[in-house]
Amino acid sequence: MTAVHEIDYGTPAAESATMVSLTIDGIPVTVPAGTSLMRAAAEAGIAVPKLCATDSLKAFGSCRLCLVQIDGRRGFPASCTTPAEPGMRVVTQNDRLAQLRRGVMELYISDHPLDCLTCAANGDCELQDMAGAVGLREVRYGYEGANHLRAEKDTSNPYFTFDASKCIVCSRCVRACEEVQGTFALTIDGRGFDSKVSPGQMEPFMDSECVSCGACVQACPTATLMETSVIEAGTPQRGVVTTCAYCGVGCAFTAEMRGTEVVRMTPYKDGKANHGHSCVKGRFAWGYATHADRITTPMFRRKITDPWREVSWEEAIGYAAAEFRRLQATYGRDAVGAISSSRCTNEETYLMQKLVRAAFHNNNIDTCARVCHSPTGYGLKQTLGESAGTQDFDSIRKTDVIFVIGANPTDGHPVFGSAMKRRIREGARLIVADPRAIDLVRTPHVEAQYHLKLRPGTNVALVNALAHVIVTEGLADDAFAEARCDVASYRQWKAFVSRPDHSPEALEAVTGVPAAEVRGAARLYATGGNGAIYYGLGVTEHSQGSTTVMGIANLAMVTGNIGREGVGVNPLRGQNNVQGSCDMGSFPHELPGYRHVLDDGTRHLFEQSWGVTLEPEPGLRIPNMFDAAIDGSFKGLYLEGEDIAQSDPNTQHVTAALEAMECIVVQDLFLNETAKFAHVFLPGSSFLEKNGTFTNAERRISRVRKVMPPLAGKEDWEITVDLANALGYPMRYGHPSEIMDEIARLTPTFTGVSYARLEELGSIQWPCNADHPEGTPVMHETAFVRGKGRFMITEYVATEERVNGRYPLILTTGRILSQYNVGAQTRRTPNVQWHEEDRLEIHPHDAEERGITEGAWVGIVSRAGETTLRARITERVQPGVVYTTFHHPESGANVITTENSDWATNCPEYKVTAVQVLPVFGTSEWQNRFRKFTEEQLALLQQASTGARP
Ligand code: SF4
Ligand code: SF4
Ligand code: SF4
Ligand code: FES
């Protein structure tokens, strides 16, 4: 699919079910009531000239270029602000209209630099197009009078330039920032001739509230707001529609290209997850794909103290396969395994688990979802019957009460965060449960009705208290619960949550949330109309992560907030393909489609297809692999796209495990922290260099399309195929579409999915099968996937990670908008300008008590380890709680986190670590060792092509 320019219909689509018929330039047109004349004309193929209108924004009616004539009406109304009415006869072109439009254009052009031929937007400028469209040939006013031609450029933003001399003050940028992004960073300053666009209080973009989402750049019809990449490389020649490889929103983009070079990523209007919007990561932070640090030649070495040696693909893969076979022959079949990543495509993760099960002959496959959303899989399967969120993102348009628990959408899922803010501005009410004041709690035109500022680690107690209020105050939807859910489990659960020890008053001492606020929030969620819960890693990454997920499902069931638009239980997935990697059987106990390896029927199905006998016992989870490596029974690991040495908890334990293994094969883009312990490096491909699919948080499967050849010569799925063949297990695929065909053949929820169908529909939300041939936006509509919904008892058990005199503060962690997880990609882009280092947020009271000042170095010590960061003093965190991000490896945030984990899934308890924080003068011992080891490994990498044969 290619597209550089999508049709701009001028105004947004109207949603009315009532249709109106009219004629435009003699052509009969039928459109939903409320459609503007401009859009009705565009839908009939008639382009009315326009400047201030664009279909992502409400009509504004300021430029007067879109005038039309309507039979029986006086004057010339603006077509963008005039709704279509039955029987109207509209004329869009005649001499009078042409003359009026030329007059308008003449005024604009007389205050515009006439450097079209050398302008970066030449050929991609609506002002230029409109001058042509209205037949403007001369400008009578001259350029001598007052004008804006010498206005200064603002180049403070690394990704776009603001050249005020080209601004026509159409306010599309201002409206985009308000309506689409919801940041309100831009204003029109001054009046009349003096009016001009200004970020914040006449500040440069980088000093303003701007979050660099690019919505204003996209909306600008001139070269005023322009991507720096286009200014430098020239306008694009072709476009390929693909999917963002960062977060679980799964935004669709057109990769706009000149030859094999990406010039711009433009959010795709038909993308069903993003509707043409983006955030700074997907829109701008793609330069890592061609960063000089990319490793593009396979390498190996026998010991991690040896220099790397560049070798052919055959040699590297042959060496890896021989090593895995040697380790299995020496230490047993279970001595090797693999970890796949949610950054990989569905097809890649499917092949990884197939390789492990069919070629390693064990089930030692796990994925990074272990450390993020495995409790979602478990908790939702137990209660609702399916390990996935229940809604599509658009469902929020019908939500009346938005309940955000342990998620920070404006940083972690920014495009959906904008959709949330829009809905709140339209009147939906908001409850936030979070230890920290995330942006959503108060941001322009958005304010949470309740911010339940709970203590980290007390989610279950809070959820039980909310349920207590709903049940004991008679707010339950008994009719729904008794008809749709298992009645015995419902009654048992009601008795459980009704216990006095679950009242908000009784639990106030545990959660720290005033009882009155819990009561108010529970009442609002239960009675405020459609209530939808959105949650993130602040729910799952706890010792009781799975319990909270079940508690959330209980809340939705008891209030009847499930099974229709506007409601539901919605896990906000961190990485681009967390949903997909789990769907594809990446856990050691499950084959694709969440079917247990113990299930004979499922195993036989795969055995027949794959031509092997499969092991019925679940394999090792990631933490078990580490323990087994340290014990000496686990010796070889194949990792694709996963940097466990930075992302997993208790770094020192992880690196000890890595050091204990004899063959670590890393398939990645860069020499990441894990690759510094590797013996074989297989250079992987970025999302721009391969074909495949990602599945976002709403179960939406979208195509990833190759826009440039893989820098190392192979797409990742090809590398896995080659490794399987070298291991003696034949894999034959000509294209990832064939892998998807195999997935569809073997997985009931994917039966209807194919690349041809994706081409046709754009994207598909699974389940997609004979019952749902076009996919399933909302699940559990008439019955739960497991038949009857099951209420689960959610007893609160305090984490073992308690504060005491030695470790008196709780450390909790999170992400920031500009960086992505371990930062391997975003740190290699100008996004570092927003976040050069991880800092420790500490409340002024705790800081003062310790003599800590803003920006001072502090040591953070836990039972697991010690690191140092600079302090940021802020009331965003409550007293007793400190917070940091984990995007920079040298910060060592995971040196401090412990191995405590969720009781059901082993998801680490990243969100609760008891620590002490004190002023320090030097870096920690671990940081000193880290720096030395990094220097040594980079030196060994430099010797790659010249080093001695290992
Ligand atoms: S910067 Fe662009 S979008 Fe904004 S007012 Fe000027 S011309 Fe219009
Ligand atoms: S980039 Fe986004 S946040 Fe910044 S001014 Fe433009 S629309 Fe607003
Ligand atoms: S919201 Fe997520 S998917 Fe969308 S552009 Fe940003 S990082 Fe990419
Ligand atoms: S496009 Fe209608 S008034 Fe500007």
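Ser924 is buried, having a relative accessible area of 4%, where buried stands for under 20% relative accessible area, exposed for over 50% and partly exposed for what lies in between (1.4 Å probe, protein chains only). Ser924 sits in the loop between strand E37 (913–919) and helix H30 (925–942); helices (H or I, at least four residues) and strands (E, at least two) are DSSP runs numbered from the N terminus. When its neighbours within four places in sequence are left aside, Ser924 is in contact (heavy atoms within 4.5 Å) with Glu866, Thr867 and Thr868. A polar atom of the Ser924 side chain lies 3.2 Å from the backbone oxygen of Glu866.

This is a predicted model, in which local features need pLDDT of at least 70 and side-chain atom pairs count only at pLDDT 80 or more, while totals for chains, interfaces and linings use all residues. Residues are numbered from 1 along each chain as its sequence is written, chains are lettered from A and ligands numbered from 1 in the order in which they are written, and side-chain values use heavy atoms, with hydrogens and water left out.

| Residue | Relative accessible area |
|---|---|
| Ser924 | 4% |
| Cys213 | 9% |
| Cys247 | 8% |

Cys213 also belongs to the surroundings of ligand 2, which include Phe160, Cys177, Gln181, Leu186 and Phe205 as well as Cys210 and Cys216; a residue is counted as near a molecule if one of its heavy atoms lies within 4 Å of it. Helix H4 (172–181) and helix H5 (215–219) each contribute at least two residues to this shell, whose members divide into nine nonpolar, three polar and no charged. Around ligand 1 there are 14 residues, of which Cys167, Cys170, Ser171, Cys173 and Cys220 come nearest, and by class that shell has 10 nonpolar, three polar and one charged. Here Ala, Val, Leu, Ile, Met, Phe, Trp, Tyr, Cys and Pro count as nonpolar, Asp, Glu, Lys and Arg as charged, and the others, Gly among them, as polar. The count of disulfides, taken as pairs of cysteine sulfur atoms within 2.5 Å, comes to zero.

In helix H21 (residues 600–610), the buried residues are Thr602, Arg603, Phe606, Glu607 and Trp610. They cover an arc of only 135° around the axis, which puts them on the same side of H21, the arc being that of the directions from the helix axis to the C-beta atoms. Their cover includes helix H9 (346–360), strand E24 (590–591), strand E25 (595–596) and helix H26 (736–746). After H21 comes Gly611, with a positive phi near 70°.

Technical notes: Polar contact = N/O pair within 3.5 Å; in protein donor to acceptor, adjacent residues only side chain to side chain.
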